[in-house]
Each structure stands twice: as structure tokens, then as C-alpha cells.
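Colleague: I would like to go through this model step by step. Please show it first, and then I will ask about its parts.

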Amino acid sequence: MTSSRIPGFYKLSLDERHAELARRAGLTESDLQPLLQGCLRVESANHMIENVVGTYALPLGLGLNFLVNGRDYLVPMCVEEPSVVAAASNAARMVREGGGFTAEADEPIMIAQVQLVRVPDTQRAVDAILAQKAALLDACAQVHPSLVRRGGGARDIEVRVLEASTPTTKGMVVVHILVDVRDAMGANLVNTLAEALAGRLAALSGGEPGLRILSNLADRRCVRVRCSVPPHALRSDHHDGEAVRDGVVAASRFAELDPYRAATHNKGIMNGIDAVVIATGNDWRSIEAGAHAYAARSGTYRPLAVWRVGPTGNLEGSLELPMAIGCVGGTLSAHPGARLALRILGTQSAAELGMVIASVGMASNLAALRALACEGIQRGHMSLHARSVALSAGATGSLVERVAAELARSGEVRLERAQLILRQFLADPALAATAPMAERVSP
Ligand code: MEV
């Protein structure tokens, strides 16, 4: 990948964008074939889930300007919401001016949970299980020898008492098996392990096995991202960079103090994260569950990213969240779109992919806070929304942009209004030909 900075990409036709993408990502025209087929044929979909009656498409866009740990990435993003791709790309360009995103990832450790119930003496159960730790880890290695050959495997066993036994009740204990799943998301690997060990653990505890399943609070597999943005990169038409920076910091403090705001703040982060998680064929429900559980780990729901003014006057951001994603196995083998997305990204490991994904989340957050701190989110959103309304009204080709422009100008972005404008343009082609086109957000 040469550079992810492609000025004017938004102005190119679809064919021209494909050519640029192929050139930048070192792909051929036939590599891009899945893009012309909705990325998934119905015959393949039929093998993926049950009762298939078709496929359901979402737009796939490219996040631009992403520089993460000194490397450029073109980022495939699958999302229905207008402005998410443009806003993240815009913010990534600002972050680029401060040297890009700096990210690190934990080892890919997933947690398998084995619940033990009717445990007669919980403390004795804890001691008995921990005394057998080495033998239990050995048993894990027998379950997944190929994972061990790839450098992964069970790393540790922890035991927690959830409900102590009393003279009249029996207790509940949960065993965590910490498993290095390497480049897999790991759900199947850890679920199999939990099932395989449950009988032995129950016997050691004197109780009975209960649930055996992974935890989506994958807090041993976090990614952390930081960035430092010079104020001049943040300035807008009506606000200088320092004012925008201070507005973003005030927005961060608001989220830190108020769970109602923190939920929306984090939703903005997930706009970017989910888009890449979906494009790369990963389980976005698992990422969502992990992110929100992590945000609430202190007992209060908190923002996943916070922003401060750094010692040099730059806006400094940091983001941390669990990142249970894979780049092998799972949906990837069945989904040509996911495989292509990974080729476009060029990431070599799940850890690297996770760091890019989190950087996109951080960019989405910065873009939202900057817009909210300046003119508010609605102006930008409305002009993009106008395009969707124009499409719903039946506009095609250049009429989409012209109807959208007229809608945005009128300040009445409604379907009936769009239908009226479209009828006028169709009845008078000369009027349509001279009508202005909607301005696209430039990333
Ligand atoms: C909209 O999809 C996301 C935002 O609400 C995020 C935020 O408020 O920070 C704009």
C-alpha cells in the first residue's frame, strides 16, 4: 500500500474508484469481482445460515487517510448510515497531521467459562482445581493440538466463587480457562475446550457442570489507541483549532460524567468499529457486547475514548476496548467480500486488524465530537440524509445529487418534497441540467 491519502476519491465514478483501489492495494480487476456481485452469492449464503431466502446488501465504502503505527491502510467499511465513512476519513486526515494513530494489542487471549453448580464447599473446590492446574492445561493441549502447534493454546486457569456455600445452600463457582487463540476470533475453540473440561472440573469441585461457553467480555484481549492532533488540523470554517480542541475536551468530560452521554459517545465510536468488523466478516454482536460491558466495568457506564489537551497544546485522545476478532476461519472462508476486505487492508494478523479497527473507532469519535463542538451534527447529516431521501423518491444518476441539493437548500428534507422536486426536474430537463449538484463531503 503506497498511501491511503487519495484526494478527490469521492469525486471519481465507481469504475474509476475500482481502478484506483486495484492500483493502491495491488489487486487485479478480477480480484474486485465480488464487489460487482454484492460480495456474496445466494448459493453461498444458503450454506451459511438456515432458511435462506436471499442476501441483504449494505454499502461498502473505503475509509481513507488511515495511518496506524506508521503504516497506511485503506479501510473497507460496511455501513448504512450516511457520513460515517466520510467523517472517519476526515478525522483520520487530521490525526495524520499529528503522525497518525499509535496502537498496541494484548495477546489474543479469550476466556472460556465453565459454571459449576451445587458445589458443596466452594473454597475447597477452588483449591482442588488450582492444585490440578498443570494437568488441566495439559488436557487442554490434547483438545486442540493444532492450535498449540500454531503457538496458541490454554495459558492459565482462574477460579472465581460467585456464590459461597452455606450450611443450607450449595455454592456456585466459575472456572475461567484463558486461551491464546492466535489469529482466530476463537469462539469455537474456547467453546469446545469449555465443554471438554467441564466434567473433570465438576468432579474436582464436587458439584455439577452448568454453562460452558466463552465470555464476550474479552478483557484480556484489548487494543489501545492513542493520537495527538495539532490544533491547526482541527480548525473549521467558523472556529479556530484551539476552540475546536477545547470543545472536544469538554465533550469528552461530559461523557465521562454522564452515562446518558457516554452511551451516545460510544455509539459514535462503534459507528466506525462495527463498519470494519462487518466488512471483514467478524461477529459485530460480540464486539458490541464486549465494548459495552468493558465500558461499564467500573460499575458506572463510561466512555471508551477520552480526550485531553496535551503538554504541547495538541488534542490527545486515547481509546481502549476488547477486540475479539479473527482474520482466519469462521465466516471468512465462506464470504468472498470478507476475504477481499482483508486483502484490501493488507493486515497480517488479528492483532494488526484489531488495531486498525480501533483506530477507525477513534476517528469516528473525533469526527462526531468535532462536529458537535462546532456547528452541530445536523448540518452535515442533513445534506447526506437528503441524498437518501432523493434516492427514496426515485431519483437516479445525476438527479440524485440535484434533488438532494434542492432539498438541502429548501431546509425541508422530506420524501414528499423530494418527489415534487423530482417531478419538476423530470418535466423540465433544462431546469434539471442547470440545477446545482449536492456538495459531497470531502475526505
Ligand atoms: C450518530 O450516529 C453518532 C453520534 O451521535 C455520536 C456522538 O454523539 O458522539 C453523532
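Modeller: The model is predicted. We can begin with a hairpin, formed by β1 and β2.

Colleague: How many residues lie between β1 and β2, and which residue in the turn has a positive phi?

Modeller: Strands β1 and β2 run antiparallel and are joined by 7 bridges. The turn leaves 2 residues between the strands, and the one with a positive phi, about 50 degrees, is N69.

Colleague: Is β1 mostly covered or mostly open?

Modeller: Strand β1 covers residues 60-68. A residue counts as buried under 20% relative accessible area. In β1, 7 of the 9 residues are buried, and the strand is mostly covered.

Colleague: In what order do the strands of the open sheet come, and which stand at the edges?

Modeller: The sheet has 4 strands with antiparallel pairing, in the order β3-β8-β10-β9. A strand at the edge has a single partner, so one side of it is left without a neighbour in the sheet. The edge strands are β3 and β9.

Colleague: In β10, which residue is the bridge partner of S228?

Modeller: Strand β8 spans residues 222-229 and β10 spans residues 315-322. These two strands run antiparallel and are joined by 8 bridges. The partner of S228 in β10 is E316.

Colleague: Which helix packs on this sheet, and what angle does its direction make with that of β8?

Modeller: The helix touches β3, β8, β9 and β10. The helix is α14, and its direction makes an angle with that of β8 of about 45 degrees.

Colleague: Why is α14 described as largely enclosed?

Modeller: Helix α14 runs over residues 350-373 and reaches 34 Å from its first C-alpha to its last. The helix is largely enclosed by the rest of the structure because, of its 24 residues, the number buried is 19.

Colleague: How many disulfides does the search find?

Modeller: A disulfide needs two cysteine sulfur atoms within 2.5 Å. For C222, the closest cysteine sulfur is in C227, 18 Å away, which is too far for a bond. For C374, the nearest is also that of C227, at 16 Å. The number of disulfides found in the whole structure is 0.

Colleague: How far apart are the C-alpha centres of domain 2 and domain 3?

Modeller: Domain 2 covers 109-214 and domain 3 covers 379-434. The distance between their C-alpha centres is 59 Å.

Notes
Residues numbered from 1 in each chain as written. Predicted model: local features only at pLDDT ≥ 70, side-chain atom pairs only at ≥ 80, totals over all residues. Heavy atoms only, no water. Domains from an automatic or database assignment. Expected span 1.5 Å × (residues − 1). Buried < 20%, exposed > 50% of the residue type's maximum accessible area, 1.4 Å probe, protein only. Pairing = 2+ DSSP bridges. Contact = heavy atoms within 4.5 Å. Axes fitted to C-alpha atoms, helices over the stretch in contact; angles between N-to-C directions.
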